[in-house]
Amino acid sequence: TGAIGATGAQGIAGPQGATGATGTTGAIGATGAQGIAGPQGATGTTGAIGATGAQGIAGPQGATGTTASITTDNGLTKTADNIQLGGELINAVTTITTNSTPGSNTLAITGLQSGSITPDAITGIAPDKIVVAGSSNGVLKTVNAAMPKFFYMPAVIFDTSVIGPTVLTKDLHDLYKAQFTGFEGSKSKYKNGSAPKDIPNIPLASGLDYYITYNDDAAIEIVSISDAGILSYKVVGSASASTYMNIVFVVK
């Protein structure tokens with residue numbers, strides 16, 4: 001056999017043959033590196049509240065505290081844990097204010113015993129005293145009797161001997177006060193030895209209102225009565241045995 005000749009030039013490709021059967025799956029390769037995190041999703045709705053858990057065990061008891069010391073004074077008395085109204089007042093002035101607006105709240109005491117300001121003619125027991133309140137500070141005080149709401153002016157003399165148009169005056173308050181004061185060393189005025197030198201009186205003319213409840217107009221003409229108790233009048237006729245005038249003072 002002679003020597004193999006040189007390979008000839010490659011011929012043109014023939015038509016593609018049919019696809020062959022798929023081979024078996026190869027083994028899984030190793031996991032690749034994790035990729036970057038994607039954007040956070042929207043917040044979901046809140047879930048339902050779970051059931052309350054069982055109560056835990058009680059902690060240890062704390063130390064016993066000290067008992068506060070409570071005392072009372074100035075009109076209050078403490079017996080054991082009971083505090084009652086009653087006791088000595090130690091403050092110079094103890095004020096109870098019912099309200100800053102007068103009359104809006106009031107203070108009342110009910111169930112008091114009956115009293116009397118008239119002495120007992122049989123036993124001679126002194127009458128009860130009357131409780132009054134100070135006009136400027138409301139401090140309670142006792143007096144033996146209350147000032148009457150009205151009283152008659154003590155007797156005074158009107159000279160009616162001169163009839164005429166002249167307007168005359170009398171200071172009713174001064175005349176009244178002069179008769180109620182100055183019983184020591186005074187003529188025509190008398191008292192028992194232990195009695196005060198002055199009868200209780202209304203010291204200011206402005207504390208009274210002045211009334212004439214009867215006047216003999218045929219003898220005296222009343223011109224006016226001032227708020228200060230100055231009576232202005234004229235003598236217009238002769239006085240008779242039955243001529244008189246009633247003057248009443250009313251305490252304001």
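Let me begin at one residue: leaving aside neighbours within four places in sequence, Asn 201 is in contact with Tyr 176, Lys 177, Phe 180 and Thr 181. Before I go on, please keep in mind that what we are looking at is a predicted model. Asn 201 itself sits in the loop between helix 1 and strand 7, and a polar atom of its side chain lies 2.9 Å from the backbone oxygen of Ile 199.

What does Tyr 176 touch, if we do not count residues up to four places away in sequence? The list is Phe 151, Met 153, Pro 154, Asn 201, Ile 202, Leu 208 and Phe 249. Tyr 176 also belongs to the largest nonpolar core, which has 19 residues, and together with Leu 172, Leu 208 and Phe 249 it touches the most other members. At least two residues of this core come from each of helix 1, which spans 172–180, strand 7 at 208–215, strand 9 at 230–235 and strand 10 at 245–251. Of the contributors, strand 10 gives the most, with 4 residues. As general background, nonpolar side chains in soluble globular proteins tend to be buried together.

Is Asp 198 buried, partly exposed or exposed? Its relative accessibility is 31%, so Asp 198 counts as partly exposed, since that class runs between the 20% limit for buried and the 50% limit for exposed. Not counting residues up to four places away in sequence, Asp 198 touches Phe 180, Thr 181 and Gly 182, and its side chain is joined to that of Lys 197 by a polar contact of 3.2 Å. Asp 198 and Lys 177 are 21 residues apart in sequence, while their C-alpha atoms are 9.4 Å apart in space.

Ala 205 is placed in the loop between helix 1 and strand 7 as well. Setting aside residues up to four places away in sequence, Ala 205 touches His 173, Tyr 210, Asp 227 and Ala 228. Ala 205 and Asp 171 are separated by 34 residues in sequence and by 9.5 Å in space, again taken from C-alpha to C-alpha.

Most residues other than glycine have a negative phi, yet Ser 188, which is not a glycine, has a positive phi of about 70°. Ser 188 counts as exposed because its relative accessibility is 64%.

A second residue of this kind is Asn 74, in the segment before strand 1, which has a positive phi of about 50° although it is not a glycine. Is Asn 74 buried or exposed? With a relative accessible area of 17%, Asn 74 is buried.

Together, Ile 70, Leu 76, Ile 83 and Leu 85 make a nonpolar surface patch of about 430 Å².

Technical notes. Residues numbered from 1 in each chain as written. Predicted model: local features only at pLDDT ≥ 70, side-chain atom pairs only at ≥ 80, totals over all residues. Heavy atoms only, no water. Core = buried A, V, L, I, M, F, W, Y, C linked by side-chain atoms within 4.5 Å. Buried < 20%, exposed > 50% of the residue type's maximum accessible area, 1.4 Å probe, protein only. Contact = heavy atoms within 4.5 Å. Polar contact = N/O pair within 3.5 Å; in protein donor to acceptor, adjacent residues only side chain to side chain. Patch = residues over 30% accessible without salt bridge, like charges linked within 9 Å, V, L, I, M, F, W, Y side chains within 5 Å. Areas by Shrake-Rupley, 256 points an atom, 1.4 Å probe, with all protein chains shown as cover. Salt bridge = Lys/Arg side-chain N within 4 Å of Asp/Glu carboxyl O.
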